[in-house]
Amino acid sequence: MHLKSFKHISILVIGVLLILPSSIFGSPEKQAAGYSASVIKVIDGDSIKINHDGQFGIVRLYGIDSPEWKQPYSRKAKLYLQKLILHKDIQVKALYMDKYSRIVALVYFQGNLVNKLLVEKGLAWVHIYYCHMQMCEGWKRLEQHAKTKRIGFWREKNPIPPWVWKRIHKN
């Protein structure tokens, strides 16, 4: 493939990624400001299904990773999220679409940042590969506090971060 062709394909892909979220959930300005949605399903401790004006989407909470299915505390993380936001209205600040076509976002409920609450409760790790915003530094301090106080999965002797657990249990 010629470099010029690759450049055109790259521009096309970037364009689609910028247009796709706005075609589903409004203009880029609206996304930056955030929009209201109702939570219709909690998939796991860091993913939810939402309804925004009759449009459905999967939201992956930015910057965190909750325990994987069959990993200790995965059910507790999901249950906490269900009790907190299932069938309730939330604010979604979409950041980007991931490779699985999920909306990666900051999610707010009653003024509280849900992503941060999960870390604070010891139900999610700050993701070492995907949390790069300034707020992640504060989340890391909350994670350390939860670890020190043995909150949530930090009660376990050696909790394994999900990204490591997935590599170990690839089969």
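The model is predicted, so local features need pLDDT of at least 70 and side-chain atom pairs count only at pLDDT 80 or more, whereas totals for chains, interfaces and linings use all residues. Residues are numbered from 1 along each chain as its sequence is written, and side-chain values use heavy atoms, with hydrogens and water left out.

Trainee: How far apart are the end C-alpha atoms of helix α3 (residues 74-85)?

Mentor: Helices here are DSSP runs of H or I with at least four residues, and strands are runs of E with at least two, numbered from the N terminus. The expected span of a helix is 1.5 Å times one less than its number of residues. For the twelve residues of α3 this should come to 16 Å, and the separation in the model agrees with that, at 17 Å.

Trainee: Within what arc do the buried residues of α3 fall, seen down its axis?

Mentor: Buried means under 20% relative accessible area, exposed over 50%, and partly exposed in between, with a 1.4 Å probe and protein chains only. In α3, the buried residues are Ser74, Ala77, Leu81, Leu84 and Ile85. They line one face of the helix, because the directions from the helix axis to their C-beta atoms fall within an arc of 105 degrees.

Trainee: Which residues are exposed on the other side of α3?

Mentor: The buried residues of α3 pack against β1 (35-44), β2 (47-52), β5 (89-97), β6 (103-109) and α4 (114-120), where contact means heavy atoms within 4.5 Å. On the other side of α3, the exposed residues are Arg75 and Lys83.

Trainee: Which residues of α5 are exposed on its other side?

Mentor: Helix α5 (residues 135-149) should span 21 Å with its 15 residues, and its end C-alpha atoms agree at 21 Å apart. Its buried residues are Cys136, Trp139, Glu143 and Ala146, and they cover an arc of only 65 degrees around the axis, which puts them on the same side of α5. What covers these buried residues includes β4 (64-65), β6, β7 (112-113), α4 and β8 (125-126). On the other side of α5, the exposed residues are Arg141, Thr148 and Lys149.

Trainee: Is the disulfide of cysteine 131 and cysteine 136 left-handed or right-handed?

Mentor: A disulfide is a pair of cysteine sulfur atoms within 2.5 Å, and cysteine 131 is joined to cysteine 136 with S to S at 1.9 Å. Cysteine 131 counts as buried at 5% relative accessibility, and cysteine 136 counts as buried at 1%. The torsion about their S-S bond is about -90 degrees, so the disulfide is left-handed.
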